[in-house]
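Take a look at the sequence and structure first, and then we can go through the contacts together.

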Amino acid sequence: MKRAEASDWPWQQPATPLAFEEMYSGASALGLQLSEKLQSLEGKRVVMTGFMAPPLKPTLSFFVLTQAPMAICPFCSSDADWPMDIVVVKLEQPVTALPFDRPIRVTGLLELGNQMDPETGFVSLVRIRADHTEKAE
C-alpha cells in the first residue's frame, strides 16, 4: 500500500483556471448542460475570478460568485435577474462581505450537482469549497 503524500490531497494540487464561459455546453428543457471541462474538474482544485454578489447578511459562510458585478441582492427583489453563470463559494470560516464591484479570485475544490442550503433554501448546481480567496488584480 502506497503511503499518502501531501501532494495526493486535492487541496495540495495546483488549481486549474476555470472561466464562466467554460461552465456549460448549452441548455435544454431539462436544464443547463454541464461542459466536458467542468465535469472533468469535479473534485479537483480550480481557480475562478469574478464578483461577490451582494449577500444576504454582512458575515458569510458562503457567497455567490458572478461573472459581472451585481448592484442589488437577488434575494431582495422579486424581479431581479439571477444570472445562470454563477458559482456558490462555500467557506470554512465566515468572512465579511467584500465590495461587490471589485473582482476577487477564488481557489478551491469544485463540486457539482444540485444541493440546497438548509439555512437559506438557496439551490446551487456548481460550488467551490474555497481554501483561498483574494482580491484579483
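Are K90 and E111 buried or exposed? Both K90 and E111 are buried, where buried means under 20% relative accessible area, exposed over 50%, and partly exposed in between (1.4 Å probe, protein chains only).

This is a predicted model, in which local features need pLDDT of at least 70 and side-chain atom pairs count only at pLDDT 80 or more, while totals for chains, interfaces and linings use all residues. Residues are numbered from 1 along each chain as its sequence is written, and side-chain values use heavy atoms, with hydrogens and water left out.

**The salt bridges and their network**
- A salt bridge here is a side-chain nitrogen of Lys or Arg within 4 Å of a carboxyl oxygen of Asp or Glu, and the count comes to six.
- A network of salt bridges links K90, E111, R127 and R129.

**Contacts of E111**
- K90 pairs with E111, with the closest N and O atoms 3.9 Å apart.
- K90 sits in strand β6 (residues 86–96) and E111 in strand β7 (residues 104–116), so this pair ties together parts 21 residues apart in sequence; strands (E, at least two residues) are DSSP runs, numbered from the N terminus.
- R129 also forms a salt bridge with E111, at 2.9 Å between the closest N and O atoms.
- That pair links R129 in strand β8 to E111 in strand β7, 18 residues apart.
- R129 is partly exposed at 37% relative accessibility, whereas E111 is buried at 19%.

**The D131–R45 pair**
- D131 and R45 form a salt bridge, their closest N and O atoms being 3.0 Å apart.
- Distant parts of the chain are linked here: D131 is in strand β8 (residues 123–135) and R45 in strand β4 (residues 45–52), 86 residues apart.
- D131 is partly exposed, with a relative accessible area of 37%, while R45 is buried at 12%.

Note on methods:
Helix = DSSP H or I, 4+ residues; strand = E, 2+ residues; numbered from the N terminus.
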